[in-house]
Amino acid sequence: MDPDRILVFDTTLRDGEQAPGASLPIDAKLAIAVQLSKLGVDIIEAGFPVSSEAQFEATRLIAQKIREPIICGLARCVDIDIDKAAAALEKAARPRIHTFVATSKIHLEKKFRKSEDEVLEMAVKGIKRAKGYFDDIEFSPEDSARTGKEFLFRIIETAITSGATTINIPDTVGYSNPEEFGQLIDEIFIHIPSIKQAVLSVHCHNDLGLAVANTLAAIRRGANQIEVTVNGIGERAGNASLEEIIMSLKTRESFYGKKTNIHTQEIVKTSRLVSHLTGIIVQPNKAIVGANAFAHESGIHQDAMLKDSLTYEIMNPADIGWGETRIVLGRHSGRHGLKKRLEDLGYHLSSEGIDRIYERFLEIADKKKEVFDADLDALVSDENQAIEEAYRLEYFHILSGNQAVPTATISLEIGEQKFQDAAVGDGPVDAAFNAIDKIIGKPVRLIDYSLQALTSGKNAMGEVHVTISTNGQKFTGRGASTDVIEASIRAYIHAHNKLKHSTTQHD
Ligand code: KIV
Ligand code: ZN
């Protein structure tokens, strides 16, 4: 392998999906996998097949449809996990099983109540079983950063002898720092000569905000695979962000001297797709993909930028895919024009899907004259997130004003029937949610609400994300419209549909 080439292992669909509230339906996972493949990642971790039927199906479908990157399934060092992962990856062009077991003292004592020798045996058995299915096997000693070095080196060496082709070093709880993590990678190279036969990977969590820094430190010490997620989403504070590491390597190429296969112009589109589909909004000041990442507010900066953009910009925004929000279509663009533009944007939808999007496109084109790419992204996200709709909005009517009690009347179609109710609230959105709750009759708590403008101007599409909770479970919903109240209502109904869908599945 070229020693200057860094392999990009994307775990947005596995660790990223473990972010609170990020659960993705299968179609949405496939849409993300298609985009990750266009982005040029080397490995896609598609899921944890044993953990649920939906995870199994998503991994199976992605393995079947995405042919270029390696498709990977996660498994504990447990027979059933490995067999399930192998079954899900059966049709993959390039399958990989990623098997893991915790190795730190605290995990051994508190989680497993097992000795080091017993855990070592689990690892050997797991790797050998996985090896019976495929050649490409990755092994992770979970919580490596807090594992005693002697045991860590012993288990890595044994994993390689047992057949692991990639060794991944996770900082599972984001405990390390760049100096210490870099040194750990150094020591692995020094103490385990056989590591040269394997790919050495790192997987950093962001609990102390150091995931990207730790990953870059590991690259400097010779790690040749990085595990990352789009927008840095993942368990708790998330994982190392793909876009930040990739743009560090590109912008400071002479410093790092490393290359990846990532087509950086696809970064913004990938970030937007993941944000739309997971419902996790990208903070405006987020490096690389935040709305303000290339916004210059100060007059002095603006003046200098006009003279030479390199005065205040170290990257060309076009290299990341910014600035492509072209005006695309208007009221008179036909269904074919829309289909063509969607295909140019990378969306290949069924003919029924196009019909549904076309209907909503006409509604939007009626309200705002110009429809932008970001508007189309929002409509496709709605379509991708569409699940069987137990509740459908028929109409809403709002009465509001600074001297009126906000009142909402909502009509929902439930099956063949229509139900209407009215409620008051602290504001029009609250009133609408109360009316929906009265119709559905299922008490839920609204725990998160956010509104984001997708495009600029008076007629911008507003995108609303909500999270509701009931019985300890959370459900997210999203809705987009030029009318923020309608977007809110759609998001709330979407979350209720997900709740209904999950209860029907468990009935
Ligand atoms: O953070 C972690 O340790 C993981 C492992 C499964 C690699 O996600
Ligand atoms: Zn992780």
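## Strand pairing

Strands β11 and β12 (residues 407-414) run antiparallel and are joined by eight bridges; strands here are DSSP runs of E with at least two residues, numbered from the N terminus. Within this pairing, I398 has A408 of β12 as its bridge partner.

These strands belong to an open sheet of three, ordered β11-β12-β13, with antiparallel pairing. Two strands count as paired if DSSP finds at least two bridges between them. At the edges are β11 (391-399) and β13 (417-424), each of which pairs on one side only. From one strand to the next the twist averages 15°, with axes fitted to C-alpha atoms and angles between N-to-C directions running from 0 to 180 degrees.

## Basis of the model

The model is predicted: local features need pLDDT of at least 70 and side-chain atom pairs pLDDT 80 or more, while totals for chains, interfaces and linings use all residues. Residues are numbered from 1 along each chain as written, chains are lettered from A and ligands numbered from 1 in the order written, and side-chain values use heavy atoms, without hydrogens and water.

## Surroundings of ligand 1

The residues around ligand 1 (a heavy atom within 4 Å) are R14, D15, H98, F100, S140, E142, N168, P170, T172, H203 and H205. By class, two are nonpolar, six polar and three charged.

Polar contacts are pairs of N or O atoms within 3.5 Å. Oxygen atoms of ligand 1 lie 2.9 Å from a polar side-chain atom of R14, 2.6 Å from a side-chain N or O atom of T172 and 3.2 Å from a polar side-chain atom of H203. The protein buries 94% of the 260 Å² that ligand 1 exposes when taken alone, by the Shrake-Rupley method with a 1.4 Å probe. Elements giving two or more residues to the shell are β4 (95-102), β5 (137-142) and β6 (166-171).

Note on methods:
Helix = DSSP H or I, 4+ residues; strand = E, 2+ residues; numbered from the N terminus. Polar contact = N/O pair within 3.5 Å; in protein donor to acceptor, adjacent residues only side chain to side chain. Nonpolar A, V, L, I, M, F, W, Y, C, P; charged D, E, K, R; others polar.
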